[in-house]
Amino acid sequence: MSTDAQVTFLTQDAYDRLANELEHLSTTGREEIAKRIEIAREEGDLKENGGYHAAKDEQGKQEARIRTLQALLKNAKVGEAPESTGVVESGTVVTAIIAGGEEKFLLGNREIAADSELDVYSEASPLGAAILGLKEGDSGSYTTPNGKQISVEIVKVETYSGQ
């Protein structure tokens, strides 16, 4: 087992929703796409068969989603959002001044906040990595992919409530 697998916080609702999606894609979804491929294959010449190629592309995307969900669920820490102690950690809602503008976002996996209007930043993103462990009032900075240095000041850290 890899020791560098990233543990992701998920609420029980998010875990259940993703587990149901995985179950559907792994069973009914695979059956449906296999039928579409078979029907398209029966149409003849595969070189010029747009339906066949579209179904194969969809199958590839579906299998990639299945692998993503399997890894996410395998490495998930399921429970309530961590109670905020004023320190930025996975699963907390952060209000920060970034490059002079105030932003409010969730630090974690986008799957947690599927029904929320909050922006979500991964802990592995440049911003997430720069602020992880900072306390309210702390400042830091991160480098964007184009080399620009962006300043960040943590204004508030809150418990994620699902909104």
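Analyst: In this predicted model, the accessible surface of the protein comes to about 9800 Å², and 48% of that surface belongs to carbon and sulfur atoms. Of the 163 residues, 34% count as buried.

The setting comes first. The protein has 3 helices and 7 strands, and along the sequence they follow the pattern β-α-α-β-β-β-β-α-β-β. The radius of gyration is 21 Å, well over the 15 Å that the globule rule gives for 163 residues, so the protein is more spread out than a compact globule. Taken along the principal axes, the box filled by the C-alpha atoms is roughly 65 × 35 × 35 Å.

Now to the residue itself. L18 has a relative accessibility of 0% and therefore counts as buried, since the limit for that class is under 20%. Leaving out residues up to four places away in sequence, L18 touches L10, R65, L69, L72, L73 and E111. Across the protein, among contacts with a separation of 6 or more, 56% are between residues 24 or more positions apart.

In α2 (50-74), the buried residues are Y52, A55, Q62, I66, L69, L72 and L73. Their cover includes β1, α1 and β2 (76-78). The 25 residues of α2 should span 36 Å at 1.5 Å a residue, and the end C-alpha atoms are 36 Å apart, which agrees.

These contacts belong to a wider group. The largest nonpolar core has 16 residues, and L10, L18, L106, I112 and Y160 touch the most other members. The elements giving two or more residues to this core are β1 (8-10), α1 (12-41) and α2 (50-74).

Apart from its neighbours within four places in sequence, L106 is in contact with G91, T92, V93, I112, A113, L118, D119, V120, Y121 and Y160. There is also a second, separate core of 14 residues, which includes I98, L127, L134 and V152.

Definitions and conventions:
Residues numbered from 1 in each chain as written. Predicted model: local features only at pLDDT ≥ 70, side-chain atom pairs only at ≥ 80, totals over all residues. Heavy atoms only, no water. Core = buried A, V, L, I, M, F, W, Y, C linked by side-chain atoms within 4.5 Å. Buried < 20%, exposed > 50% of the residue type's maximum accessible area, 1.4 Å probe, protein only. Helix = DSSP H or I, 4+ residues; strand = E, 2+ residues; numbered from the N terminus. Contact = heavy atoms within 4.5 Å. Expected span 1.5 Å × (residues − 1). Rg over C-alpha atoms; globule rule 2.2 N^0.38 Å. Areas by Shrake-Rupley, 256 points an atom, 1.4 Å probe, with all protein chains shown as cover.
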